[in-house]
Amino acid sequence: MPGKSFLHKLNPLTKVVWSLAVITLAFVYQQPLPILSLWASVLAVALIGKVLREILPAIRGLIIFAAIFFLFQVFLIDEGQVVFTLVPGTGIGRITDVGLKACTMLALRMLAMTSTIPVLLATTPPKDMIVAFVEKLKVPYVYALMLVTSLRFIPTLQEELSLVIQAQRARAYDLEGRNIIKRFLALIPLALPLLLMSVQRARTMAISMETRAFGAGPRTSLHTSTFQLLDIGVISSCLLLTAVLAVVSLH
Amino acid sequence: MIRAENIHFTYPNGFQALKGLSFHIKAGEFVAVIGQNGAGKTTLLKLLNGLLKPTAGRILIGGLDTARARVAELARKVGFLFQNPDHQIFLPTVREELAFGPKNLGLKGAVLEDRVKDAAAAVGLTPYLDFNPRQLSKGQRQRVALASVLAMQPEVLVLDEPTTGQDYREALEIMRLVKKLHQQGHTVLLVSHDMEMVARFAGRALVLGEGQLLLDGPVATVFAREDVLAATGLVPPQVIQLARPYQEQGLLRPVLTVEELYAEIIAALRGEVDARQVLPA
Ligand SMILES: Nc1ncnc2c1ncn2[C@@H]1O[C@H](COP(=O)(O)OP(=O)(O)OP(=O)(O)O)[C@@H](O)[C@H]1O
Ligand SMILES: [Mg+2]
């Protein structure tokens, strides 16, 4: 990923600061609308950085995840006025106005917070991320590597999952039209091959790292991590904007 | 059996993988699909069993339009063997793994057991029915995957590079198996990068290049078009290249395999003194 846009040129830590700013604001805001616009701003940044199209599948996944989260929570809150009942006449599956609002907030907040991650990943080569963590934040190399590697595996896993789904569907495996429990059990034919392959890959990776003398001594890196004027500008405006927005919304 | 009418396919990211393909495959044919990496072979196969739906044009499988049919429904007719068996294997024994497909088709009891036994026998896995498939070799796992498709008794077998990552012997064994299944009446579509295998086993070849159908015809005819093949990075088997000059001079009849060439040479030399001693037997 050579410098396609200004997002690619920023120091990885600058983008982490931006993520943290978004997370802070997501916690500060207590109304759905501001959070929605916060989320929109994240997507706008992705658009300016020319990676929106690339991260769209990840965003879609996050939306689904947030929706599931919403569904799990929304039935658990019984304060407030009942607006809807799944099985009329009984108390089963009732949704209240308080619950609806709280869960919408929760889901949107999660969405806004997590949406920065794909933007970060799409615009930062993993190596740069590690170097920045190790040099600027003094994180031990192994931990930085672990973090970055696990994040980097997500797209690979996505690809693999889609292959697994196709392989099982080709054996007449139907994912649609089952009840909730069956649907949950139905994940097994998909999750198991994925898990087994991941374990296999982790083993292969450990071996290939060891055979290349991983952990044999102090390491050096070819490129060092530097902050440029642009970084300093972006970081200060992120901090300033967050502070201002936080103060405004808390009053 | 399979009719493709001007099919196009574009991936959601806007990549045009197939650009207007038409062909007709009759029941009982053995067709190889060849072309360089990224030519669209896998995409084409996935369209055949409905995993992907054409963005334009249509595909009929035995009269059934893949765009309207469910994948589970098409799985009865079209068995798909993926490149990597590990994408599908997840049950603790070979027996259960083979039963997965037929169970999804709603089979139970004795019928189900028969299907499993027949499929295991067809690929020579009967002694391994109670083994954990994860502990078998790559070639054996590939056969588990093949058997699990056979257990659904599809008319058409679609195989995506079934021999990659295997040694010559194991690859040949899988191909012999496929040949046997073909002789038993299955229509076979095979993607392969191994031109020797294609020449040896397939009857007809489709050549794909950048999403277009470049050639379609009997294997011998297709391999004679070196110019077109070169454009998509393919090279005919060495034995065909070796025999070509002699063939053009009318000295040999067209051949596809080493064995055929050997027989041809022997026949051509017959009559000359001690012909067999010139060539090591
Ligand atoms: N899910 C996808 N999204 C976008 N593009 C894809 C996707 N899958 C494949 N492609 C692209 O479509 C083209 C054809 O892919 P396909 O897998 O059909 O090629 P192939 O002929 O099977 O190649 P190979 O010999 O490497 O298996 C490739 O250029 C590939 O990058
Ligand atoms: Mg392929």
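Q: A salt bridge is a side-chain nitrogen of Lys or Arg within 4 Å of a carboxyl oxygen of Asp or Glu. How many are counted between chain A and chain B?

A: The count is 1 salt bridge between chain A and chain B. This is a predicted model; local features need pLDDT of at least 70 and side-chain atom pairs pLDDT 80 or more, while totals for chains, interfaces and linings use all residues. Residues are numbered from 1 along each chain as its sequence is written, chains are lettered from A and ligands numbered from 1 in the order written, and side-chain values use heavy atoms, without hydrogens or water.

Q: Why is the pair Arg171(A) and Glu97(B) called a salt bridge?

A: The closest N and O atoms of Arg171(A) and Glu97(B) are 2.7 Å apart. The limit is 4 Å, so the pair qualifies. Across the interface of chain A and chain B, 6 residue pairs are in polar contact, both residues at pLDDT 80 or more. On the side of chain A that touches chain B, α8 (141–169) and α10 (188–210) each give two or more residues. α8(A) gives the most, with 7 residues. (Helices are DSSP runs of H or I, at least four residues, numbered from the N terminus.)

Q: What makes Glu160(A) and Arg201(A) a salt bridge?

A: Their closest N and O atoms are 2.9 Å apart. Over all chains the rule gives 12 salt bridges.

Q: What is the area buried between chain A and chain B?

A: About 1900 Å². Buried area is the accessible area (1.4 Å probe) that two parts lose on being put together, summed over both. Carbon and sulfur atoms give 61% of it. The contact (heavy atoms within 4.5 Å) takes 19 residues from chain A and 25 residues from chain B.

Q: Why do Gly38(B) and His193(B) count as polar contacts of ligand 1?

A: A polar contact is a pair of N or O atoms within 3.5 Å; within protein, one must be able to donate a hydrogen and the other to accept it, and residues adjacent in sequence count only if both atoms are side-chain atoms. A polar backbone atom of Gly38(B) is 2.8 Å from an oxygen atom of ligand 1. A polar side-chain atom of His193(B) lies 3.0 Å from an oxygen atom of ligand 1. Both distances are within 3.5 Å, so both pairs count.
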